[in-house]
Amino acid sequence: MFPTGKRGTMRRGASLDHGLAPSDRVILHVDMDAFYAQVEQMLKPDLRGKPVIVGLGRSRRGVVTACSYEAKAFGVKSGMSGYEALKLCPRAEVVRGSMDTYTYLSEKTREVFGDFTPIVEPASIDEAYLDISGCMTCYSDAVALASALKAEIKRRIALVCSVGVSVNKHLAKISSALEKPDGLTTMWPHELREKLWPLAVSKIYGIGPVTTRTLNGIGVFKIGELAEAPISLLKRHLGSGAEHFKRIANGENVSSVHRHEDLSDEKSISHARTFNYDSDDIEYLHSVILHLSDKVVSRMKKGGFLTRTVSLRVRFSDFTTITRDKSLQKPTEKVETVYETARSLLPLRRVNREKVRLLGVKVTSLSRAESTPQMTLFGDTRSERQIVAANAVEDIRRKFGKESIVRAGSLKFIESG
Ligand SMILES: [Mg+2]
């Protein structure tokens, strides 16, 4: 074997030939394109080529759960109110979604993933990370495998996805979004300058509008500028997140070893929604709490966190706002626990008398999730990896399965009005 120094030289040389050292990782991020809308178009051919909105009912008060690319062209986005969406695209075909169908097809995609690698980390119903490092000897192998995976999903499920191929999860996720729909995009270390650096800093997960403004304020607009900015300047303006983001911009892996430290300054995660029309419809309010809980939990999972405290913020028509919270007996990362807890905090008596204009769900008392799928994805033993994958699938099943709390909630979303 080569001494360490020599081996480093070999690896750099090898990467120019698109070769991979055994220790290099190859990660795919697979993202179904406009998943719910695509499923509707696949099942109902008369919807193909048309703007489709999933998740509204007969009235306009619900939330857009998903929309087809044809609807996106009009500016429609998921999360938008039905009223706004139909104003932008009055001719959109409005479809009642079926969470059972989406869950079923999501599981089918996962079966395909499982045929390619045992290391699958579902990130949501329509997204997953696959570690295919073990099967690769060179970059072109990785692209061939990604391409075969796309073809297999199309053949078995008749759905189209976009795949990002890179050396860590952050870069894989960024690249899967670059050529949607039906994309296959690599982002290898030698491509960072060309593909990653020209992108806006907001493309990095965790850099939201506030951080973007802060960075723009110091002249950092592109990821390349972030990569090259002096760390002292970044620290002054971003605090402890500076190193984390700079590492991502330089293509360094932050998903495993450094991740906990990097994110441990996160004190809470929250999502809120203001309604277009104030509401005292309990079922509708529950469906919004479910939607918010789901968003909060998926962010928690991405950061590798568990929560011990759930709080619910309620603003009434007269703008008075109350916040109630509840501590859990043990830390959780389960969406149903967060949802049930938040739901139990809704002040029913007052809602019977007054309408609500805003709801927010927040989780605090975050701790490091040493054994969550996120953290153990790259664990060493095969059985550990399989348990991780099974747990994650189970999560989705519980979340969207037949007896779950979600079904009633999602139906209400669809019918809300
Ligand atoms: Mg998607």
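**Figure 1. Sequence separation of contacts and overall make-up of the predicted model.** In this predicted model, 62% of the contacts between residues at least 6 apart in sequence join residues at least 24 apart. The secondary structure comprises 19 helices and 13 strands. Of the 417 residues in the protein, 39% are buried.

**Figure 2. Close-up of the pairing between S5 and S6.** Strands of a sheet pair through backbone hydrogen bonds, in either a parallel or an antiparallel manner. Here S5 and strand S6 (residues 127-131) pair in the antiparallel sense, over 4 bridges. Pro122 stands opposite Ala128 in S6.

**Figure 3. Close-up of the packing of helices H14 and H15.** Two packed helices are described by the angle between their axes and by the distance between those axes. Helix H14 (residues 282-303) packs against helix H15 (residues 335-344) at an angle of about 135°, and the axes are 9 Å apart. H14 is therefore oblique to H15. The crossing of the two helices is right-handed.

**Figure 4. Close-up of the residues in contact between H14 and H15.** From H14, the residues His286, Ile289, Leu290, Ser293, Asp294, Val296 and Val297 meet Val335, Val338, Tyr339, Ala342 and Arg343 of H15. By class, this contact has 8 nonpolar, 2 polar and 2 charged residues.

Notes:
Residues are numbered from 1 along each chain as its sequence is written. This is a predicted model: local features need pLDDT of at least 70, side-chain atom pairs count only at pLDDT 80 or more; totals for chains, interfaces and linings use all residues. Two strands pair if DSSP finds at least two bridges between them. A residue is buried if 20 or more other C-beta atoms lie within 10 Å of its own, exposed if 12 or fewer, and partly exposed in between; C-beta atoms are placed from the backbone. Two residues are in contact if their C-beta atoms, placed from the backbone, lie within 7 Å. Axes are lines fitted to C-alpha atoms, for helices over the stretch in contact, and angles run from 0 to 180 degrees between N-to-C directions. Angles under 35 degrees count as roughly parallel, over 145 as roughly antiparallel, 65 to 115 as roughly perpendicular and the rest as oblique. A crossing is left-handed if the near helix is turned anticlockwise from the far one by less than a right angle, and right-handed if clockwise. Ala, Val, Leu, Ile, Met, Phe, Trp, Tyr, Cys and Pro count as nonpolar, Asp, Glu, Lys and Arg as charged, and the others, Gly among them, as polar.
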